[in-house]
Amino acid sequence: MRRTEHINIPVFVPHLGCPHNCVFCNQHEITECEEFDINSIDDTVGSFLTTEHPDTSGIQIAFFGGSFTGIDRTLMIRILEKAYRYISDGKVSSIRVSTRPDYIDEEVLSVLKRFRVRTIELGIQSMSDKVLLASGRGHTALQTENAASLIKSQGFEFVGQMMIGLPCSAPDDEMYTAAKICEMGADAARVYPTVVFSNTALHRLAQTGVYTPLTTEEAAKRSAKVLRIFYKNNVDVIRIGLCETETLRNDTGVTGAYHPALGELCINEYYRVIIEESLKRINISDDSDITVYCSNGSLSKVIGQKKRNRKWIEDNYPVRSLQFKESEEVKDKDIKISVKENANAPTVT
Ligand code: SF4
């Protein structure tokens, strides 16, 4: 993996008065956020730093929750100045921001660089213009390509955020988006299956039957397909699904891909699919003993939540025995299957 281990100190910077109109965004709830208080940076960072961190090389102050480079320029620079003081004092190593592709140009990148911003997360959502249009994103795939190219050429770490199940988006669009994020040189990715909040255009589209929200199962299946692309290209997926927030907890009308363990379910499904593909290549009889080997640390993900992958194998392959084991010989995100049949030597695939 290209990403180095790090710790984020998340600072929420609401992008007040966003001029865009993404169908999945609950603007009302966003603009209800309290006015951003620049002193909250000191409160958040200060309380984090009360814990001793002998190695500060991986600590970033991370500005999330808005389009950072779309913030009023004077305020943006004041925020950066405040964060930069912690870098000068040797308490953190760098800054991370998230923003929109159409809010990136050479000039703003030079400002970010001056204040030691190291990582830029881009809200890409889709690389299909029809999906971007149907989702009211207000930017094109070409703008994303240009932004990513500028970010990479200026030496920033680049994280691509994408969504699953947006209006007009098919699994092929999502796989294409993941492949493009890899091709654009992403160092990491975040995958967000679409959640439908109340008081959004998407909620109204769902109520009139124009949009069908994802089920948890669909979200897991479609996300598993993009995970495979990211893993194959050694792009680390640092988040799957929204974090549970107050807004989500309080929104009784929320539908779509919302499940507290969604990320886990998507990874389980990724493993289920590669197990299924491996088993199809092997002759398996009722008196087979199957062992599924996986990399160190991935056992619970391979077996699955509530043993879902174990049950899937047992339901589809009524074998004599089934075991799951970690093995140093198996690469990360891979599996190997050993099948022993009566009087036969083991077969490994
Ligand atoms: S860019 Fe879209 S998702 Fe982000 S705040 Fe504006 S409307 Fe909401």
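This is a predicted model: local features need pLDDT of at least 70, side-chain atom pairs count only at pLDDT 80 or more; totals for chains, interfaces and linings use all residues.
The protein has 13 helices and 13 strands. Residues are numbered from 1 along each chain as its sequence is written.

## Overall shape

Let us begin with the whole protein. Its C-alpha atoms fill a box of roughly 75 × 55 × 35 Å, taken along the principal axes. For 349 residues, a compact globule would have a radius of gyration near 20 Å, and the 22 Å of the protein agrees with that. Here the radius of gyration is taken over C-alpha atoms, and the globule rule is 2.2 Å times the number of residues to the power 0.38.

The protein is divided into domain 1 (7-260) and domain 2 (282-348), with bounds that come from an automatic or database domain assignment. Taken over C-alpha atoms, the centres of domain 1 and domain 2 are separated by 37 Å.

How much of the protein is buried? Buried residues make up 36% of the 349 residues. A residue is called buried if 20 or more other C-beta atoms lie within 10 Å of its own, exposed if 12 or fewer do, and partly exposed in between, with C-beta atoms placed from the backbone.

Contacts tell us how the chain folds back on itself. Two residues are in contact if their C-beta atoms, placed from the backbone, lie within 7 Å. Among the contacts with a separation of 6 or more, 79% are between residues 24 or more positions apart.

## The nonpolar core

A nonpolar core is a set of buried Ala, Val, Leu, Ile, Met, Phe, Trp, Tyr and Cys residues joined through C-beta atoms within 7 Å. The largest one here holds 81 residues, of which Ile61, Ala189, Val191, Leu227, Cys266 and Val292 touch the most other members. Helix H11 (residues 262-280) gives the most to this core, with 7 residues.

Leaving aside neighbours within four places in sequence, Ile61 is in contact with Ile9, Val11, Val45, Ala83, Tyr86, Val92 and Ile95.

Tyr192 is found in strand E6 (residues 188-193) and is buried, with 22 other C-beta atoms within 10 Å. Beyond its neighbours within four places in sequence, Tyr192 is in contact with Gln161, Met163, Gly241 and Leu242.

## Around the ligand

Which residues come nearest to the ligand? Of the 9 residues around the ligand, these are His15, Cys18, His20, Cys22 and Cys25. A residue counts as near if its C-beta atom, placed from the backbone, lies within 6 Å of the molecule. By class, this shell has 4 nonpolar, 4 polar and 1 charged residues. Ala, Val, Leu, Ile, Met, Phe, Trp, Tyr, Cys and Pro count as nonpolar, Asp, Glu, Lys and Arg as charged, and the others, Gly among them, as polar.

## Distance along the chain and in space

| Pair | Along the chain | C-alpha to C-alpha |
|---|---|---|
| Tyr192 and Met163 | 29 residues | 4.5 Å |
| Leu133 and Ile151 | 18 residues | 24 Å |
| Ser40 and Gly304 | 264 residues | 40 Å |
| Gly46 and Val330 | 284 residues | 42 Å |

Ser40 sits in helix H2 (residues 40-49), and Gly46 lies in helix H2 as well. Ser40 counts as partly exposed, with 14 C-beta neighbours inside 10 Å, whereas Gly46 counts as exposed, with 12. Leu133 belongs to helix H5 (residues 129-134) and is partly exposed, having 14 C-beta neighbours inside 10 Å.

## Two backbone angles to look at

Most residues other than glycine have a negative phi. Asn199 has a positive phi of about 55° although it is not a glycine. Its place is in the loop between strand E7 (195-196) and helix H8 (201-207), and Asn199 is exposed, with 12 other C-beta atoms within 10 Å.

Lys307 also has a positive phi, of about 60°, without being a glycine. Lys307 is in the loop between helix H12 (299-303) and helix H13 (308-316). Is Lys307 exposed, partly exposed or buried? With 14 other C-beta atoms within 10 Å, Lys307 is partly exposed.

Note on methods
Helices (H or I, at least four residues) and strands (E, at least two) are DSSP runs, numbered from the N terminus.
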